[in-house]
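Open the model in your viewer and switch to a cartoon view. Keep the selection tool at hand. The stops follow below.

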Amino acid sequence: MQVPESARRFFDEQTARLRRQIRKKRIVFPEGEDPRVIAAANRLCTEELLIPVLMGRPSGHVASCVVVEQPEHNPKLNDYARLLYEKRRARGITEMEARRMALDPLVFAGLMVAAGDAEGFVGGAATTTADTFRAAHRTIGMRTDIKTASGVMIVCTHAEECGAGGVLAMADPALVIEPTPSQLADIAIATADTVRSVMGVEPVVALLSFSTKGSARHPLASKVIEARRIVEARRPDLHVDGELQADAALVESVGRSKAPGSTVAGKANTLIFPDVGSANIGVKLVERLGRAVCTGPLFQGFAKPANDLSRGCSAEDIYRLGILTALQAGD
């Protein structure tokens, strides 16, 4: 498959951003025995992009700059177990159960991040999205201003006239099946923040629908309009509009025709879909028919970065998500 030029340029820009950071981020990979994870960690480390932390007992060549940890031998295990107990005791967890749970590599990775001993973690190479999400939710927890966890894909397309030079954020293809207006607003706000930190550009947020500015009247379109109003009230700093059809959001001439006067129509780099079905289908169609490079999903709404891979991922996919996770952690 021919990789879009937007993907080459985008990841060149992001690796340059990471190399400029004075302090390298520590990113934990709980499936550290997986050959794909080892290969990605070696590359991330030798390219001086971040400090990978592998959990387990990796075999084969592991670069000297990669950190290897076994939960059962880590001197902070008891501290992490106590941290988990304090976070979950209201839900009936015992200290013994907390220690047993802390030995799970996914949970241990989340506790490292929660304790400030790492800046983020990347799981999912050999575990389900549900397992990765649960570990992050139990250990890291949510942002104070966001009640809804969501996912976003960073999509590099061949359509360089769209988005940020062909690069778009698409949310939420992973977690929230049928969001309410308030949840959709949470997703839009969290995605805008991700675009700033990960893509390094100002978010231009389109709330998508099958309708543009009242061209159809239906409760599903009304939900999107209400979500826009909530975003505008909560975050007046954001550049947001909706409801917009996808072509009106992405194509300048169509935007002028369907939504005259909109400062978002035709210029959007951040696409918020009305439900997980449309988002998931949209991402996969762009990936398979449009030959786009899709990275993620990045989880959003958590207090610190925790991200998920597909179990069919390649070492390249892990490498890319490691880069975006480090950027998500900020400077």
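How many bridges join E1 to strand E4, and do the two run parallel or antiparallel? Select residues 120-123 for E4: two bridges join this strand to E1, and the pair runs parallel. This is a predicted model, so keep that in mind at every stop. Now pick Val 28. Opposite Val 28 stands Phe 121 of E4.

**Next: the other neighbour of E1**

Select residues 26-29 (E1) together with residues 51-55 (E2). Four bridges link these strands, which again are parallel. Click Arg 26 and look across to E2: the bridge partner there is Ile 51.

**Next: the disulfide**

Show the cysteine side chains. A search of the whole structure turns up one disulfide. Cys 45 and Cys 65 form the bond, with S to S at 1.7 Å. Cys 45 sits in helix H2, while Cys 65 lies in the loop between E2 and strand E3 (67-69). The two are 20 residues apart, so the pair links distant parts of the chain.

Select residues 77-88 (H3) and residues 105-114 (H5). The helices pack at an angle of about 85°, and their axes are 10 Å apart. That angle makes H3 roughly perpendicular to H5. Show side chains at the contact: H3 brings Leu 77, Tyr 80, Leu 83, Leu 84 and Lys 87. From H5 come Val 107, Phe 108, Leu 111, Met 112 and Ala 114. Colour by class: the contact of H3 with H5 has nine nonpolar residues, one charged and no polar.

Definitions and conventions:
Residues numbered from 1 in each chain as written. Predicted model: local features only at pLDDT ≥ 70, side-chain atom pairs only at ≥ 80, totals over all residues. Heavy atoms only, no water. Pairing = 2+ DSSP bridges. Axes fitted to C-alpha atoms, helices over the stretch in contact; angles between N-to-C directions. Parallel < 35°, antiparallel > 145°, perpendicular 65-115°, else oblique. Contact = heavy atoms within 4.5 Å. Nonpolar A, V, L, I, M, F, W, Y, C, P; charged D, E, K, R; others polar. Disulfide = S-S within 2.5 Å.
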